[in-house]
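Work through the exercises below with the sequence and the model open. Each task is followed by a solution in steps.

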Amino acid sequence: MSPANTNRAARAIVDDVLGRGMTREIWTASYDKVLPISVQDFDLTGVLPPVLYMFRFGYRRGKGRFFDTFGGDAGTPKERRRAATIERVAAKLAETPQLQGFQDEPEQAILGDLLLCFCLENAKRTLGRNQQIQRVSPAHYMASWIDLPEAVAHLRYVPEMIVAMLADQNEDYVEQSRKDARTWFAVGRGFEDNLLLKAFHQGMVHEEPLGSRTADRFREEEPVGLDQLLMIRLAQRLGAAPDKLRRSDGERISNQRPIAQRAARHFSEDIRRFVRAYARVVPRHAFVALLESCMAAGLTTIVASVIELLFEWAETGTIPTTSKQKPTHLFVDCANGIDRNLRALAEQSMDDFLRRTERIPVILMALRLLDRGIRYDPHLKTCLPSTRPYATEWVNLLGEVLYQRRDEAKAILYELERKAAELAERLDEDYPEAAEMLRNERAQPNPVWRLAESLTFLQGRQSTQNNVMSLVDSTLLVNRPNGLGARRAVIRKIGVGDAAKKREVRSVVLTDSVLDYLVHLHTLPSGNKGGWRPLSLKDFMRILHERYGFCVDVAPPGVSISNELLRLNRSVLERRLRDLGLLTGVNDAEAMKQLKPRFVPAERDDHGLD
């Protein structure tokens, strides 16, 4: 029986025992109250256009006109989508009056290459003008008019989480901002009221009413870059922004945020300060790259912090307070794989972290089981804490039930014990290993953990672990020039006498784009002061360690590193910063080694705020 058929057969049994409603809730990989994104892979480079759309209109993006305009004219829907290629888009754009000089085949080939370079991306990032288009790049605000990927849910709710963190509202859903709201990231208002929209809206004006999908207009006399102009012409061909989402999961933007409140606050603060200071002074193409590095660093810290908090909750039943939350510490290979010793240490550090994350699917399953239990408990359901914007109190309540620190826990755990016994009996014949997990009270007396282990096993342990790894890869932007992760295939023996096996290893690296972003961000002065401040190399590495968990000249917990290699890693970082024009120093004195930005920050606009 194939793994897919095995999974379906196992779920059918669980359906019969637990009930279809309960199974539908727990048979997933995610738990949005602790991390409001799907535990799967996603493309971080495609996140920004939907974020711009949600800030502009105040709801989730639905169906647009991209495939209707540039797709095929006949065949199945899938065949029509496959026909939407760079070649076809270039041919259609060449017909528009606003884009002259591309009527012949050589000119259209040049236009197609420009689109592929600046605006659109083929499926699986393939080259060529005859592949299906899958993503849009954030070259301009008008990228938000293009409904790529076709379903916004393919981005695993990452845009929604980013909007919720930046908007920083208190309701259950992100609402349109009032006219008198004091915020850097207004929702559903004008371009000037939102830092991100303001950074990408060059040449755009609103025509009332603001809520109209055709209200955005480009001033033709406005000078813009070639990449921006191509994006504008591409969107103009569609005629209107996409409609709001009209599927069952709803148009409203959830205001659920991750339980890693400290990391989430830092993420919002980093984007605000960086965009405010550099959106008008850094060339657009470079600014987009740095902004992707900003999101990679922030989201990686959030996801890793959530994982650390889940480990803590599993041990104690309590989520640490915001002031006590710390990032996951990982050793960074500053040589980007050139030095074998530094690369091996960074891979060891990441391997240790990923090995620990193998427990995460079980913890998430336990949370889902307890969540279901307390929502239907007659004594608890009348006094349940709020879960939005942060579900810390809710998760702590689940921990109190798990560790039987509440009187109501006895009845909830009794019911789960009964279900575990019934499920074990049904699994005996086809899934004896899962049945044994449910019965092994000596190894694990708590029925929550036994059920979580067994159900995760039935889902496919390898599959659930791979989902967590894919999520980490996606936030790291692995093997991308703007990311901070490297992945390579190696052949290694697991034990003595074992056959060599091929596996993938990962490490945290600091690409030039990430270094550029981090230096430009942290040389900004605090508060609303303009200009920049010199930052010592020592303070820079301290910030990397305390704010993001990136270890350069110190060893992370559990990893033994010689002082010689730590000094080497530090010297490599110093040399790279100097080569990038980000470090100055006339001698070897530590106090004389100072970081400075390559771009002078713009004068601060208070945006109506103090």
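Is R219 buried, partly exposed or exposed, and at what relative accessibility? R219 counts as partly exposed, because its relative accessibility is 31%. The classes are set as follows: buried is under 20% relative accessible area, exposed is over 50%, and partly exposed is in between, with a 1.4 Å probe and protein chains only.

The model is predicted: local features need pLDDT of at least 70, side-chain atom pairs count only at pLDDT 80 or more, and totals for chains, interfaces and linings use all residues. Residues are numbered from 1 along each chain as its sequence is written, and side-chain values use heavy atoms, with hydrogens and water left out.

**Exercise 1. Salt bridges**

Step 1. Apply the criterion: a salt bridge is a side-chain nitrogen of Lys or Arg within 4 Å of a carboxyl oxygen of Asp or Glu. R219 meets E222 in such a bridge, at 3.1 Å from N to O. E222 is partly exposed, with a relative accessible area of 23%.

Step 2. Take R129 and D113, whose closest N and O atoms are 2.9 Å apart in a salt bridge. R129 lies in the loop between β1 (120–122) and β2 and D113 in helix α7 (residues 105–118), so the bridge ties together parts 16 residues apart in sequence. Helices (H or I, at least four residues) and strands (E, at least two) are DSSP runs, numbered from the N terminus. R129 is partly exposed at 32% relative accessibility, and D113 is partly exposed at 38%.

Step 3. Turn to D270 and R547, a salt bridge with its closest N and O atoms 2.9 Å apart. D270 belongs to helix α11 and R547 to helix α20 (residues 537–548), so this pair joins parts 277 residues apart in sequence. Both D270 and R547 are buried.

Step 4. The whole structure holds 51 salt bridges.

**Exercise 2. Helix α8 and its end**

Task: state how many residues of α8 are buried, what covers them, and what follows the helix.

Step 1. Count the buried residues: 10 of the 10 in α8 are buried. Among them are V158, E160, M165 and A167.

Step 2. List the cover. It includes α3 (48–57), α9, α11 (261–278) and α12 (284–316).

Step 3. Look just after α8, where D168 takes a positive phi of about 55 degrees. D168 sits in the loop between α8 and α9 (195–200).

**Exercise 3. Backbone exceptions**

Step 1. Recall the background: most residues other than glycine have a negative phi, and most peptide bonds are trans.

Step 2. Check L477, which is not a glycine but has a positive phi of about 50 degrees. L477 is in the loop between α18 (447–476) and β6 (485–492). L477 counts as buried because its relative accessibility is 4%.

Step 3. Check the bond between L148 and P149: it is cis, with omega about -5 degrees. P149 is in the loop between β2 (133–136) and α8 (158–167).

Step 4. Check the bond from R388 to P389, which is cis with omega near 5 degrees. P389 is in the loop between α14 (360–375) and α15 (392–402).

Conventions:
Contact means heavy atoms within 4.5 Å.
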